[in-house]
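Student: Could you walk me through reading a model like this one? I would like the general idea each time, and then the case at hand.

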Amino acid sequence: MGIYLVDVAAQDWSQPGEDGYGDVAAALNTELERRGLPPYEPPRAEREAQGGFEEKVSPSMDGFLALCTTHLADTELSALLDWSVLVPLALEEEIVLPVCTAYSGDETTVAGAPRVLALAERLAAAIALPVDAIPAGENLALSMWFLEGEAERTAQARPGPWAEDLDAAFYVAFYLRAAQYCLRYGCPMTYS
């Protein structure tokens, strides 16, 4: 049990009702149109062919929040953390939609992956995160890397500020990999 960050398949994005995100997709496209932007439709074939993204939100966020408040302005912290749907669009600011999802309450906040990626990259640079050593791709690979000891072994071989708080490093990697995945495959991400 717990909360997971997952990608949303194209068929689920367009499906209305409990099993889909059609209400969010329609509200987002209405808001994009109001702003003079084209509608967003995730690509079908490319994302579905490669297998998906799923990572569990599990370690304590205390150290990560302290890291964020040291290196990010309040508006940047909000942009990094206060979204319930991430899309591969360059949005100047988050879009709040009057639609609920499982973990968003009465509103859904949509953020653009390029902005989240830029903020996560800044944090990764601040702690000298060895991004090349951290897994990407397979479901739960990042979570398992941090929880099953590989992060500790890497910290011994490649010490640095990142190794001082592995829970904080997990969340830097978590947001970094999520934004990269969202942009690479053009798919939305949400909590489940």
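Predicted model: local features only at pLDDT ≥ 70, side-chain atom pairs only at ≥ 80, totals over all residues.

Student: In what order do the strands of the open sheet run?

Tutor: Helices (H or I, at least four residues) and strands (E, at least two) are DSSP runs numbered from the N terminus, and two strands pair if DSSP finds at least two bridges between them. Here the 6 strands follow the order β2-β1-β6-β3-β5-β4, and the pairing is mixed.

Student: In which sense do β3 and β5 pair?

Tutor: β3 (residues 85-87) and β5 (residues 108-112) pair in the parallel sense, over 3 bridges. L86 has A111 in β5 as its bridge partner.

Student: Which helix lies across β3 and β5?

Tutor: That is α6 (residues 113-126), which runs at about 70° to β5. Axes are lines fitted to C-alpha atoms, for helices over the stretch in contact (heavy atoms within 4.5 Å), and angles run from 0 to 180 degrees between N-to-C directions.

Student: How are α4 and α5 oriented to each other?

Tutor: Angles under 35 degrees count as roughly parallel, over 145 as roughly antiparallel, 65 to 115 as roughly perpendicular and the rest as oblique. The axes of α4 (residues 62-71) and α5 (residues 74-81) come within 8 Å and cross at roughly 140°, so α4 and α5 are oblique to each other. The contact is made by F64, L65, C68, T69 and H71 of α4, together with E76, L77, L80 and L81 of α5.

Student: Where is A128, and is A128 buried or partly exposed?

Tutor: Buried means under 20% relative accessible area, exposed over 50%, and partly exposed in between (1.4 Å probe, protein chains only). A128 is in the loop between α6 and α7 (141-147), and its relative accessible area of 43% makes A128 partly exposed. Its phi is near 55°, a positive value in a residue other than glycine.

Student: What is the phi of L140?

Tutor: L140 has a positive phi of about 65°, although L140 is not a glycine. L140 is placed in the loop between α6 and α7 and counts as partly exposed, at 26% relative accessibility.

Conventions:
Residues numbered from 1 in each chain as written. Heavy atoms only, no water.
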